[in-house]
Amino acid sequence: MSPTGIIDGKEVTLEVQTSKNALCEVDGEDFTVSGNTVHTKYIGDLVESNDPYHYIISCLISENYDDDTIEFYVDQTPPSITSTNDGEESCGLHTVPLSVTVNEANISHYEYNLYQGNSPGSSQLREYLGLENATDTILISSGTLNLTADIEGVTLVNGTPYYIEVLAVDSAGNVGEYVY
């Protein structure tokens, strides 16, 4: 049965798979049936709530009713990074230890850009630091990080400035803003 867990609440469709031919309904409305065992019901867009959404599903299988519940949360708020720490002992290493703190627990992954040079690489980052006209920076690494948030496969040179921007993506797919 789906959805489960935490979703973004956009274009929600309930889905039930049965092992035998069945007729399923939710709130007195029939599901659409595909192949007699896959049942779907379009719900539409839902709003964010601290409480879970509950849908009681009733399926008629071989003259017997079987009831079950689909339960999930809707999260439409992008995560915010509250602090980062990229360490100060990275020079000469091939890994940048990046510590990220966010305002929620359901983080899927992080996305980052690592720049080398005397000024930050992205225009947003340069503007944030008041260096809008600087152009001497190159992007040396970018990608997706799991929750350990270590940037691997780079060689940092002692005495060279580096800038990292990172954002968080939560399990509902909401994308936060870059933090520098």
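This is a predicted model: local features need pLDDT of at least 70, side-chain atom pairs count only at pLDDT 80 or more; totals for chains, interfaces and linings use all residues.
Residues are numbered from 1 along each chain as its sequence is written. Local features need pLDDT of at least 70 and side-chain atom pairs count only at pLDDT 80 or more, while totals for chains, interfaces and linings use all residues; side-chain values use heavy atoms, without hydrogens and water.

**Exercise 1. Find which elements have the lowest and the highest mean pLDDT.**

Step 1. pLDDT is the predictor's confidence in each residue, from 0 to 100. The chain mean is 85, and 84% of residues reach 70 or more.
Step 2. Elements are DSSP runs: helices (H or I, at least four residues) and strands (E, at least two), numbered from the N terminus.
Step 3. Helix α1 (residues 123–128) has the lowest mean, 57. Strand β2 (residues 12–17) has the highest, 98.

**Exercise 2. Sort the side chains of β3 (residues 23–26) by face, then find the partner strands.**

Step 1. Pairing takes at least two DSSP bridges. β3 runs antiparallel to β7 (residues 53–61), with four bridges. Leu23 stands opposite Leu60 there.
Step 2. β3 also pairs antiparallel with β4 (residues 29–30), over two bridges. Here Glu25 faces Asp30.

**Exercise 3. Locate Asp75 and list its contacts.**

Step 1. Asp75 sits in the loop between β8 (64–74) and β9 (81–85).
Step 2. Beyond neighbours within four places in sequence, its contacts (heavy atoms within 4.5 Å) include Ile6, Asp8, Glu48 and Asn174.

Terms used: Buried means under 20% relative accessible area, exposed over 50%, partly exposed in between (1.4 Å probe, protein chains only).
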